[in-house]
Amino acid sequence: MYKIALLDDDQIWNGAVTRFLTKHGFEVQAFTDTAAFLSQASNYDIALIDFYLTPTSKANLDNGYVVIRRLKQTLKHCPILVLVSAFVDMESARLFPEADFFLVKDIGLDVILQRTRELLEHRYAEATGTA
């Protein structure tokens with residue numbers, strides 16, 4: 001069973017995504033705190049991260065850019081699926097190659113599930129040399 005870390009400041013969204021992905025066989029841990037997320041990220045196979053996070057501290061860990069970069073620096077093989085709101089300029093989002101893929105949140109949970117599976121399959125293929 002793959003383990004997913006979900007970082008989003010919206011607890012209702014976290015609950016919906018967690019229930020949906022759990023129903024499809026994943027173990028999901030939702031985080032609203034970036035420091036807790038980063039400290040435990042190595043325990044997960046993939047990270048789903050909200051691009052824009054509401055600041056909760058002065059530690060400058062709440063910025064999605066910072067979280068993505070730190071995660072890729074420490075976990076080179078952890079796929080990152082970045083979830084963005086519809087109003088985010090997707091061209092700006094592409095400026096961050098550390099993320100493996102960007103999806104608009106309202107595209108639907110089925111598409112998020114499909115892309116999550118694809119990223120995990122790609123990671124497994126790379127790890128086993130079957131890519």
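A residue counts as buried when its relative accessible area is under 20%. By that cut-off, phenylalanine 102 is buried, because its relative accessible area is 12%. The model described here is predicted.

## The chain as a whole

The chain holds five helices and five strands. Read along the sequence, they follow the pattern β-α-β-α-β-α-β-α-β-α. The chain has 131 residues, and buried residues make up 43% of them. The exposed surface comes to about 7200 Å². Carbon and sulfur atoms supply 52% of that surface.

Take the contacts between residues at least 6 apart in sequence: 59% of them join residues at least 24 apart.

## Aromatic pairs

A pair of aromatic rings is described by the distance of the centres and the angle of the planes. The chain has three aromatic pairs. One of them joins phenylalanine 31 and tyrosine 44. Their ring centres are 6.1 Å apart and their planes stand at 85°, so the pair is edge-to-face. Phenylalanine 31 sits in strand 2, residues 27-31. Tyrosine 44 sits in the loop between helix 2 (34-40) and strand 3 (46-50). The two residues are 13 apart, and the pair links distant parts of the chain.

Both partners fall under the cut-off. Phenylalanine 31 is buried at 6% relative accessibility. Tyrosine 44 is buried at 13%.

Phenylalanine 51 and phenylalanine 102 also form an edge-to-face pair, 5.8 Å centre to centre with 75° between the planes. Phenylalanine 51 lies in the loop between strand 3 and helix 3 (64-74), and phenylalanine 102 lies in strand 5 (residues 101-104), so the pair ties together parts that are 51 residues apart in sequence. Phenylalanine 51 is buried too, with 2% relative accessibility.

Ring pairs also build a cluster, made up of Phe31, Phe37 and Tyr44.

## Charges over rings

Which side chains place a charge over the face of a ring? Lysine 3 lies over the face of tyrosine 44, 5.6 Å from the ring centre. Arginine 115 lies over the face of phenylalanine 101, at 3.7 Å from the ring centre.

## Helix 5

Helix 5 covers residues 109-128. It has 20 residues and reaches 28 Å from its first C-alpha to its last. That is close to the 28 Å expected at 1.5 Å a residue. Glycine 129 follows the helix, and its phi is positive, near 80°.

The buried residues of helix 5 are Ile112, Leu113, Thr116, Leu119, Leu120 and Ala125. What do they pack against? Their partners are strand 1 (3-7), helix 1, strand 3, strand 4 (80-84) and strand 5.

Threonine 116 belongs to this buried set. Its relative accessibility is 0%. Leaving out residues up to four places away in sequence, threonine 116 touches Ile4, Ile46, Leu48 and Leu81.

Tyrosine 124 is in helix 5 as well. Is tyrosine 124 buried or exposed? Tyrosine 124 is exposed, with a relative accessible area of 52%.

Threonine 18 has its place in helix 1, residues 11-23. The residue is buried, with a relative accessible area of 19%. A polar atom of its side chain lies 2.7 Å from the backbone oxygen of asparagine 14. Not counting residues up to four places away in sequence, threonine 18 touches Leu6, Val28 and Ala30.

Leucine 38 is found in helix 2. The residue is partly exposed, with a relative accessible area of 23%. Leucine 38 and arginine 70 are 32 residues apart in sequence, yet their C-alpha atoms are 8.0 Å apart in space.

## Accessibility side by side

| Residue | Relative accessible area | Class |
|---|---|---|
| Threonine 116 | 0% | buried |
| Phenylalanine 51 | 2% | buried |
| Phenylalanine 31 | 6% | buried |
| Phenylalanine 102 | 12% | buried |
| Tyrosine 44 | 13% | buried |
| Threonine 18 | 19% | buried |
| Leucine 38 | 23% | partly exposed |
| Tyrosine 124 | 52% | exposed |

Notes: Residues numbered from 1 in each chain as written. Predicted model: local features only at pLDDT ≥ 70, side-chain atom pairs only at ≥ 80, totals over all residues. Heavy atoms only, no water. Helix = DSSP H or I, 4+ residues; strand = E, 2+ residues; numbered from the N terminus. Buried < 20%, exposed > 50% of the residue type's maximum accessible area, 1.4 Å probe, protein only. Phe/Tyr/Trp six-rings, centres within 6.5 Å; stacked < 30°, edge-to-face > 60°. Lys NZ or Arg CZ within 6 Å of the ring centre and 35° of its normal. Polar contact = N/O pair within 3.5 Å; in protein donor to acceptor, adjacent residues only side chain to side chain. Contact = heavy atoms within 4.5 Å. Expected span 1.5 Å × (residues − 1). Areas by Shrake-Rupley, 256 points an atom, 1.4 Å probe, with all protein chains shown as cover.
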